[in-house]
Amino acid sequence: MVIKVAICDDIPVIAKAIEDLMLEYDSSLFDIDIFYNPFRLIELLKENSYDLFILDFEFPNLSGIEIAETIRKNNYNCPIIFITNFKEYMEKAFKVNTFDYILKPVTKDKLYPTLNRAIKYLDLDDSKFMFTFNKVFYSLSFSEIIYFEKNKRKVLIHTPSDIYETILQTKALLSKINDNFVQVHNSFIVNVRYVKQISNNTITANLNDKQTVEIPISRKFIDSARKQILMKLRDLI
């Protein structure tokens, strides 16, 4: 898999330095576009998407936060890494679900650990959940799936944009999914990447930057589910 990366910095020498570091990290892994004008990036986002963003925090007529807010309208989970000269922007940056925050100058020692985590977060094994329904074959990336819901014999597969159906027993479903999923109820299995909050009775999962969904968590599963989710989130982050 190739990771599509957008680097946006109005200082060309900095943007080029980051690109060079990434290509030195693994030239076959990244497909990099550089933007010196943030409005050009925002315009292209109407038709293009990226897997990873590296954004400067300050531009003459726009902030990196405003760019991130635009990105989050359509993609809540892609990693956004801010680069800046100022520590005091950190609090604002994390309000837009920032993946990491790197102080300039960007060096290997600062960038590569963050890239390692981002690559792990992006789940580059690109494994798929494959199923059929009404004689139609489907293949979804596990990273697209927010949660599975059992409804009698059916399994409803919830993604940010659609709900699919298939017929599977719970045991068979559990054998087909990857380690990012945790069973929280006899009828619900959630992708920990989307978990926002865990209470005694429900898990709140992100649908997008504005919407969430509440998923029941049962007494039978709460202790083990909470422990598994926290451990998996710690590994991802």
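Predicted model: local features only at pLDDT ≥ 70, side-chain atom pairs only at ≥ 80, totals over all residues.

**Stop 1: Asp56.** Select Asp56, which you'll find in strand S3, residues 52–56. UniProt lists this position, in an unreviewed entry, as "modified residue: 4-aspartylphosphate". Is Asp56 buried or exposed? With a relative accessible area of 5%, Asp56 counts as buried, because the cut-off for that label is under 20%. Now show what Asp56 touches beyond four places away in sequence: Cys8, Asp9, Asp10, Gly64, Phe82, Ile83, Thr84 and Lys104.

**Stop 2: the sheet S13-S14-S15.** Next, colour these three strands, which make an open sheet in that order with antiparallel pairing. Which strands stand at the edges? They are S13 (195–198) and S15 (212–216); each has a single partner strand, so one side of each has no neighbour in the sheet. Turn the view and look along the strands: neighbours here are turned by 25° against each other on average, ignoring direction.

**Stop 3: where S13 meets S14.** Zoom in on S14, residues 202–206, which runs antiparallel to S13 and is joined to it by three bridges.

**Stop 4: Thr204.** Stay on strand S14 and select Thr204. Thr204 is buried, at 10% relative accessible area. What does Thr204 touch, leaving out residues up to four places away in sequence? Its contacts are Tyr194, Val195, Lys196, Gln197, Thr212, Val213 and Glu214.

Technical notes
Residues numbered from 1 in each chain as written. Heavy atoms only, no water. Pairing = 2+ DSSP bridges. Helix = DSSP H or I, 4+ residues; strand = E, 2+ residues; numbered from the N terminus. Axes fitted to C-alpha atoms, helices over the stretch in contact; angles between N-to-C directions. UniProt positions renumbered as here; feature names shortened; annotations may be inferred. Buried < 20%, exposed > 50% of the residue type's maximum accessible area, 1.4 Å probe, protein only. Contact = heavy atoms within 4.5 Å.
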